[in-house]
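Open your viewer and keep the selection tool ready. The tour goes stop by stop.

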Amino acid sequence: MGSTEAIIPLMTPYKMGNFLLSHRVVLAPLTRQRSFGNVPQPHAILYYSQRTTKGGLIISEATGVSDTAQGYAHTPGIWTKEQVEAWKPIVDAVHSKGGIFFCQIWHVGRVSNSGFQPNGKAPISSTDKPLAPQIRANGVDVADFTPPRRLKTEEIPQIVDDFRTAARNAMEAGFDGIEIHGAHGYLLDQFMKDHVNDRTDEYGGSLENRCRLPLEVVEAVSNEIGADRVGIRLSPFASYMESGDSNPEALGLYMAESLSKYGILYCHMVEPRMRLVGEKFETPHSLLPMRKAFKGTFIAVGGYNREDGNKAIAEDYADLVAYGRWFLANPDLPRRFELDAPLNKYNRETFYITDPVVGYVDYPFLESSTDVSS
């Protein structure tokens with residue numbers, strides 16, 4: 001560092017629609033599997049408030065839109081009154097520290113098994129193609145998936161309505177907005193990606209048809225709560241859960257252009273280098289064409305460190321950068337980036353355990369008088 005204090009691009013303010021952000025570091029949505037009975041728990045109050053800064057954007061863990069949306073143990077929902085009430089104190093805690101809190105709403109589609117489904121039924125999807133068993137994130141357990149049931153054309157409006165209702169419920173819980181989960185091989189991605197979607201109705205075949213459901217969800221949710229409170233997360237280049245596409249550039253670009261027509265607040269896109277979970281690789285592909293095509297705020301995510309993030313902001317590659325594992329392990333990540341302080345290492349083995357403290361709210365803050373939580 002020279003004698004003049006250099007500007008840290010990640011630490012510069014940004015106006016996201018009606019929201020004034022004090023910096024560009026976003027908490028990415030992170031499944032933590034500590035919501036027992038699909039109801040958020042009081043320990044989430046501390047977890048989210050620890051990671052809140054005044055004017056910082058926080059995105060919640062993926063939250064189910066209905067009783068058919070679940071595919072993992074202990075993930076929260078927002079389709080019942082009880083769930084909405086349980087979210088309220090968590091949202092209040094984030095707001096009391098001046099944070100901006102968006103709820104990520106999802107449906108897992110075929111990434112599920114009958115044990116998670118009402119009355120032990122088959123999970124629903126764009127297809128009836130089964131998903132191969134997968135080694136879980138802990139590297140030991142195997143997840144088995146029940147072959148899905150292909151949604152009938154006339155059932156699709158109900159899915160759209162589930163997302164719409166979940167968005168309304170999120171507003172009732174006090175969230176500032178919602179993020180539609182359209183990434184990583186879950187239901188909306190299962191419709192978008194041609195490796196999965198083998199339909200012959202108006203929701204299959206052409207790119208426009210495959211993107212019809214996610215865009216209907218965007219429209220319904222925007223009409224319900226206002227487009228200025230709606231974001232979406234997309235991963236055109238990823239092939240999580242066997243959900244690749246033969247032309248990810250075309251898919252990403254079509255979605256970016258289409259989303260602009262609805263005037264939604266932000267588009268949150270996963271870097272091409274993150275093809276599979278936790279695996280970064282060199283790629284010639286870039287999000288820049290989608291960034292240029294989308295008219296709202298553009299959030300990039302996927303394997304960023306401080307230096308990458310600063311570069312992305314400085315070069316106008318993205319407006320905001322989301323951090324997952326590093327924010328999980330460093331509740332005061334924006335402060336550490338500001339000071340260029342060392343980071344806590346994350347422990348992958350405690351990402352998805354049910355313990356309400358260990359690997360959840362016990363990562364240390366920087367030792368300094370300014371960081372002591374009252």
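A crossing is left-handed if the near helix is turned anticlockwise from the far one by less than a right angle, and right-handed if clockwise. Helices (H or I, at least four residues) and strands (E, at least two) are DSSP runs, numbered from the N terminus.

This is a predicted model, in which local features need pLDDT of at least 70 and side-chain atom pairs count only at pLDDT 80 or more, while totals for chains, interfaces and linings use all residues. Residues are numbered from 1 along each chain as its sequence is written, and side-chain values use heavy atoms, without hydrogens and water.

**Stop 1: α1 and α2**

Select helix α1, residues 43-50. Axes are lines fitted to C-alpha atoms, for helices over the stretch in contact, and angles run from 0 to 180 degrees between N-to-C directions. The angle makes α1 roughly parallel to α2 (under 35 degrees; over 145 is roughly antiparallel, 65 to 115 roughly perpendicular, the rest oblique). Their crossing is right-handed.

Now show side chains. From α1, Ala 44, Ile 45, Tyr 48 and Ser 49 make the contact; from α2, Trp 87, Pro 89, Ile 90, Ala 93 and Val 94 do. Contact means heavy atoms within 4.5 Å. By class, eight of these residues are nonpolar, one is polar and none is charged.

**Stop 2: Thr 75**

Is Thr 75 buried or exposed? Thr 75 is buried, at a relative accessible area of 1%. Buried means under 20%, exposed over 50%, partly exposed in between (1.4 Å probe, protein chains only). Leaving aside neighbours within four places in sequence, Thr 75 touches Thr 31, Gln 33, Ser 35, Asn 38, Gln 70 and Trp 106.

**Stop 3: α6 and α7**

Select α6 (212-225) and α7 (248-262). Their axes come within 10 Å and cross at roughly 20 degrees. That makes α6 roughly parallel to α7. The crossing is right-handed. On the α6 side, pick Pro 214, Leu 215, Val 218 and Glu 219. They meet Tyr 254, Met 255, Ser 258, Leu 259 and Tyr 262 of α7.

**Stop 4: α9**

Finish at α9, residues 306-314. Which residues of α9 are buried? They are Gly 309, Asn 310, Ala 312 and Ile 313. The buried residues pack against β17 (320-323). On the other side of α9, Glu 307 and Ala 314 are exposed.

Notes:
Ala, Val, Leu, Ile, Met, Phe, Trp, Tyr, Cys and Pro count as nonpolar, Asp, Glu, Lys and Arg as charged, and the others, Gly among them, as polar.
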